[in-house]
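Hi,

Here is the structure I promised to pass on.

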Amino acid sequence: MTGYIGRKLTVFWKLSVPAKLLLLPAWLSLCVAAGIFRFVRFGRLGQLLGRNIGAGACCPLASPAAVDRAIAISSAVQIVSRYTPFRSDCVPQAIAGQFLCRALNVPSALHFGVGNRVASAVSGESMQAHAWLVVGPIFVTGGRSFKTHTTTACFVAR
């Protein structure tokens, strides 16, 4: 099995058991998150995401067990985001991760932000928005974005 399916099966078998068990819920959460993001106003979306603490950055404390669950969630969301019939960029991934964290009782903070490089009409650059999810020291989705983006809204899971 050296073909495409063989490589995919090899990757699947190398995953931890928790990550394997999260693949289907992660895919379903990603589908729901993409639909919500596309069809729901941002004001209503904020109510679904948790308590808005404003523009401050937040990294909720997490137990070692919660960190392990966050790592499994991160792996599952990143893997299934490649296999959706729609665009699965940072916002749907962060929302799906937030849903899974809430379902698994993992404290998390979803951040929306803009790039630190200020958009300038003279240079013709556009503003770069981004979303990322943090659990303790773990960046579940969106990468290490605190250095490159300024938080404009942070939602802490209830």
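Below are my notes, grouped by topic.

First, the ground rules. This is a predicted model, so local features need pLDDT of at least 70 and side-chain atom pairs count only at pLDDT 80 or more, while totals for chains, interfaces and linings use all residues. Residues are numbered from 1 along each chain as its sequence is written, and side-chain values use heavy atoms, with hydrogens and water left out.

**Helix packing**

Helices (H or I, at least four residues) and strands (E, at least two) are DSSP runs, numbered from the N terminus. Two packed helices are described by the angle between their axes and the distance between the axes. The pair to look at here is helix 3 (residues 42-49) and helix 5 (residues 90-103), whose axes come within 11 Å and cross at roughly 30°. The axes are lines fitted to C-alpha atoms, for helices over the stretch in contact, and the angles run from 0 to 180 degrees between N-to-C directions. That makes helix 3 and helix 5 roughly parallel to each other (angles under 35 degrees count as roughly parallel, over 145 as roughly antiparallel, 65 to 115 as roughly perpendicular and the rest as oblique). On the helix 3 side, Leu45, Leu48 and Leu49 meet Ile95, Gln98 and Arg102 of helix 5; contact means heavy atoms within 4.5 Å.

Val80 belongs to helix 4 and is buried, at 6% relative accessibility. For that label, buried means under 20% relative accessible area, exposed over 50%, and partly exposed in between (1.4 Å probe, protein chains only). Not counting residues up to four places away in sequence, Val80 touches Leu23, Ala26, Trp27 and Leu30. Val80 and Leu24 are 56 residues apart in sequence, yet 8.3 Å apart in space, C-alpha to C-alpha.

**Buried spots around the strands**

Which residues does Ala131 contact, leaving aside its neighbours within four places in sequence? They are Cys90, Val91, Ala94, His111, Phe112 and Gly142. Ala131 sits in strand 3 (residues 129-135) and counts as buried at 0% relative accessibility.

Thr151, in strand 5 (residues 149-156), is buried too, at 10%. With residues up to four places away in sequence again not counted, the residues Thr151 touches are Ala55, Gly56, Ala57, His111, Phe112, Gly113, Trp132 and Phe146.

Cys58 is in the loop between strand 1 and helix 4 (64-80), and its 19% relative accessible area still counts as buried. Cys154 is 96 residues from Cys58 in sequence but 7.2 Å from it in space, C-alpha to C-alpha. Cys154 is also one of the contacts of Cys58 outside four places in sequence, with Ile53, Ala109, His111, Val134, Phe146 and Val156 making up the rest.

Gly50 is in the loop between helix 3 and strand 1 (51-52), and it is buried, with a relative accessible area of 4%.

**On the surface**

Tyr4, Ile5, Leu9, Trp13 and Tyr83 make a nonpolar surface patch of about 590 Å². Patches are made of residues with over 30% relative accessible area and no salt bridge; like charges are joined within 9 Å, nonpolar side chains (Val, Leu, Ile, Met, Phe, Trp, Tyr) within 5 Å. Accessible areas come from the Shrake-Rupley method with a 1.4 Å probe, and for residues only the protein chains shown count as cover. Leu9, from that patch, lies in helix 1 (residues 4-14) and counts as partly exposed at 33%.

Arg87 is exposed, at 68% relative accessible area, whereas Asp89 is partly exposed at 28%.

One backbone detail to finish: Asn105 has a positive phi of about 60° although it is not a glycine. Asn105 is in the loop between helix 5 and strand 2 (109-115) and is exposed, with a relative accessible area of 65%.

Cheers

Terms used:
Salt bridge = Lys/Arg side-chain N within 4 Å of Asp/Glu carboxyl O.
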